Amino acid sequence: MTVTEEAVRWAARADRASKIYGSGDTEVHALREVSVGFEAGRFTAIMGPSGSGKSTLMHCMAGLDRLTSGSAFIGGTDLGTLNDKQLTKMRREQVGFIFQSFNLVPTLNVRENVTLPSDLGDGKIDMGWVDEVIQTVGLGDRISHRPNELSGGQQQRVAVARALATRPEIVFGDEPTGNLDSKTSAEILEFMRRAVKDLGQTIVMVTHDPVTASYSDRVLFLADGQIVKQMDDPTPDSVLDTIKSLGD
Amino acid sequence: MLKLVVRGIRANLGRLVLTLISVVLGVAFVSGSFVLADSLRSIFDQISEDAFAGVDAQVRAVEPELNSSGENLVRFDESIIDEISALPEVDYAEGGIFAFEQTYSLLDDGEVNRPLGPPVFTSSWGGPSPVSSFTVVEGVAPIGQQVALDSAQANAGGFAVGDQVTMSLPTGEPEQFELSAIIDFGDGGTGGAYFNLFDLDTTQRILDSGDVVDSVVVNGGGTDTDVLLAAIEPLLPADVEVVSGETVIGESQEDFGSVIGIFGNILLSFAFVVLFVSIFIIYNTFAILVGQRTKQLGLLRSIGASGGQIRFMVLIEALIIGIFASIVGLFGGIGVAWLLKLLFSAGGNSFPDGPLEIRLRTVIVVVAVGLFVTLISAIIPAFRASRVSPLEAVRDGGRKERSVSFRLVAGAVVLIPGLVLLALGMFGDVDGTAARLAAIGIGAALTFIGVSMMSALFAGRAAGMIGGPVEATRGINGRLARDNASRNPQRTAATATALMIGLALITGVAVLASSLLATFDDLLEDALTADLFVYEANQGLDFSSGVVEQLDALPSTDSVAGFARVEMLVDGDVEAVTGFDTATGTSVINAGILDGTAELSQNGIAVFDETADERGWGLGTTVPVEFEDGFVTDLTVEAIYDDRSIVENSFIVDRRLSRQHVQIDAVGFVGITIADGVDAEVARAEVETITDNFAQLTVQDNTEFQEGVEGQIGQIQIVINGLLVLCLVVAFFGIINTMALSVLERTREIGLLRAVGMTRNQLKSTIRWEAVIVSIFGALLGILMGLLLGWAAVVAIPDSFISKVGIPWLSLVIYLIVGGIIGVIAAYFPAQRASKLNVLDAISHS
């Protein structure tokens, strides 16, 4: 079966997205007319050296930052047309986040952290699903623990659970395993991959680690604010090779 | 080292400026109190010097042991004037007579023209002379049916020289006087007092004093003062003395000075309360700043800074802030004093102008106080900083908190002596109200500190409880607010303390006021049985006793009884005695006669039961007494009474006796019962036909009397609260400061919340409710403490003044709401700032 252009559903996409920081002599072009789409139900990794624009791309796609020109869409919504309040609502309902560290509100317990985005809104959430997610990340017995009672890996798992709890259109991860050892890292990434495969979740993560990137379905390579290469079904070696070739 | 300190201050400038404000407020208050009092003192010193400039000597009565005439001086025969004038050493001599609150000018509508507060003086005046205390603004000295008024009074009444002015007189028959001159006391400025000047004969006639004077002022025309005094001395009868002009000036300055001193001390004590409150705010800021810099301090330690150096650094930082705050406060206070002086002067031309007096003492005290307050607040944080280990540089967060038992013990060490002092003040065997109040004051300060220390133990739980309803109604915002308010109990406790103290004092005052009212209500119910009261409502001054006879003669009145305060020697001791119309008095008041008859004979005395017990007196005991005119007699105890709330004194004699032996036959209060079958309105109208002739008198029935007292208590409360509000202002800045620091500390958390979908408004709401919870905690503690303090004070104050505890429930609710509102307003800027944070910057904040 061939996948036609029409049949692809974009969870998020960017259209000639540019981001310029500063002005005049200090002008920095973080993104230069990037056009990219993140297919629903796929796991995408964004790679690139420091200053390549990978984080900027993710932040603008996630509605945390605004483009200088061009458009970013989540589902069918142009983020540029939303005011701050609407953008916040969008992040709350349509986007999940996993940061590198400090993902959790220290005064809330595991379950409360997971339901936080929904509590900030109308509070309507499928509690069965929430419990399932928490069970799946293996924190069923820690449901009323506070973040300071959890290990770093457990905290990231809570973050993953929170990102999935609202069944968002798309989940963004900013070096989600950057602070973890390789074993814990592998667990988390495996779980993220399962979320994509089994639950049909869309995930985009920024990373600089080839092994991490290898868990994704597709890797985008950025340099100087532009997408310079794409790779499907990456392995650590193929990613490393590509980085090397780009570096030359 | 110093460079680090300066950098540290610069980095935290915003926060330190907020801290500064609380020190500056207190310091400015101190500085302003000093400057204002000093300036007033020097102005009034100048007035005294001007007023008595040409007076080389003054002849006057020796201050007697007994004086029932209040402010009025003892009078002596005027024949001495001629004798003194005849002396070759004397160039000019003028005899004068003076009276306190006896005559008043009337406005066109018949209302009395008088200042609110300052007194009205009646005096004789011989016109411009070397010894005159008055300067003529316009016109000539009054003769016969003429009067001279001070310029403030003339302005207030719209009187011009040549006008006919109706004057209310102690005779009860107002008369018309031609305004012959407008004058000023000294070179202008009477401190708000009014002066009514007549010639000597007219003054004597008005006061019905006979041919007496109370002073002769003498100008020697260059004669040496000692020679002048020596020449006058032999002419003087017994009990009359001559003093030099310098003495007169000195005494006058002392009189003014003591009033200004009391005023200054009241301001100062409020200033110290404000400073006390600000100590908690400064402490809290330093504690938080040190906590936030733990990593930096650890780094310094790991590269070789000693604990002592770290401590030194923090203290130097405090010192710099202290110096800065003291200087700003010093000038701020001078500015406030200048403004107040301007305000006084603007209230009419009654207030003299003069330079601001900035003494070296003021500068030294202000700077010392500012430094002391800042340093003492920084000491604990400085020691805590010095104990930061080098390892903290690499460890993440995790402040070490004082153990519960340490806090319990430390808090108890402060709290228990505080409570003991409080108890001692209340129930202890302490002599004198002043000592009692001092014990309560110091006890309260220690109790505040102790409660503040210990409140950290329950602040978290309490904030959680207060936050309960917030969470229930505000959802996740309320939940986060509640958690944030209770996550750092020390901080919550320290922040709440400032508000606690402010509201505790305000509540304490409210409890006192409502207890006073409750006592008064009881008193009206039990002790006062009169239908109408006549008195001078403004200052409670005495008035002519002729009023009593005139009222008694009215057909609509049944019983009319007057009260007079008389000083007598009772069994050898100087005592205040109530001269009372006991024959009619039983229907006017109820003194709680335990034994004997309420109606005393002219040889009888009634004694308060406790006094009778102390002295071992009973019915029939003979008591030797002496009156101020030297009349000696034996009185028999004819009654024992136990309610002196109206009588006020421990002895009662019949006024028929006492009035014969006083210089000025006056009463302070008249109670009236209305004759049977007479309509209250009719009776009142009739009573007013009499009292209208005594412009200063007020006629009130029970309800009005009560309302009047309520109004007076309310006014005093407003003034005190006006000063205490500064404590709330300091507390307000403290909450802003803590909230701002907490927001800064939680920048990443805020970034995260915003990223996962918290709107700006939700964030603001969370911060606002956190501040409200902390404020309500402080307010609740304050109200509880205030109830305790108020109750303690009521117990300490003699029962004759306040005997019943009244709780102002409505006020308490209002204070709680005010506390919440303070939180809402204080949260505004921190919330605004937090909501403006860029989400990405906040998340990556380290």
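Two strands pair if DSSP finds at least two bridges between them. Strands here are DSSP runs of E with at least two residues, and helices are runs of H or I with at least four, numbered from the N terminus. The model is predicted: local features need pLDDT of at least 70, side-chain atom pairs count only at pLDDT 80 or more, and totals for chains, interfaces and linings use all residues. Residues are numbered from 1 along each chain as its sequence is written, while chains are lettered from A and ligands numbered from 1 in the order in which they are written.

**The sheet in chain B**
- An open sheet of four antiparallel strands runs in the order β3-β14-β1-β15 (chain B).
- Its edges are β3 (92–96) and β15 (240–244) of chain B, each pairing on one side only.
- On average, neighbouring strands of this sheet are turned by 20° against each other, direction ignored. Axes are lines fitted to C-alpha atoms, for helices over the stretch in contact; angles run from 0 to 180 degrees between N-to-C directions.
- β3(B) runs antiparallel to β14 (residues 215–219) of chain B, and five bridges join the two.
- A93(B) faces V218(B) of β14(B).
- Helix α7(B) lies across β1 (57–61) and β15 of chain B, at about 90° to β15(B).

**Domains of chain B**
- An automatic or database assignment sets the domain bounds.
- Chain B splits into domain 1 (1–49 + 262–400), domain 2 (63–238), domain 3 (445–521 + 704–846) and domain 4 (542–695).
- The C-alpha centres of domain 1 and domain 3 of chain B are 23 Å apart.
- Their contact involves 21 residues from domain 1 of chain B and 24 residues from domain 3 of chain B. Residues are in contact if their C-beta atoms, placed from the backbone, lie within 7 Å.
- On the domain 1 side, α2 (13–51) and α7 (245–292) of chain B are the elements that give two or more residues.
- α7(B) gives the most to that side, with 14 residues.
- The domain 1 side divides into 14 nonpolar, six polar and one charged. Nonpolar means Ala, Val, Leu, Ile, Met, Phe, Trp, Tyr, Cys and Pro; charged means Asp, Glu, Lys and Arg; the others, Gly among them, are polar.

**G778(B)**
- G778(B) sits in helix α21 (residues 760–796) of chain B.
- G778(B) counts as buried because 30 other C-beta atoms lie within 10 Å; the cut-off for buried is 20 or more, with C-beta atoms placed from the backbone.
- Beyond neighbours within four places in sequence, G778(B) is in contact with A496(B), T497(B), L499(B), M500(B) and G819(B).
- G778(B) and E688(B) are 90 residues apart along the chain, with their C-alpha atoms separated by 52 Å.

Technical notes. Contact = placed C-beta atoms within 7 Å. Buried ≥ 20, exposed ≤ 12 C-beta atoms within 10 Å, placed from the backbone.
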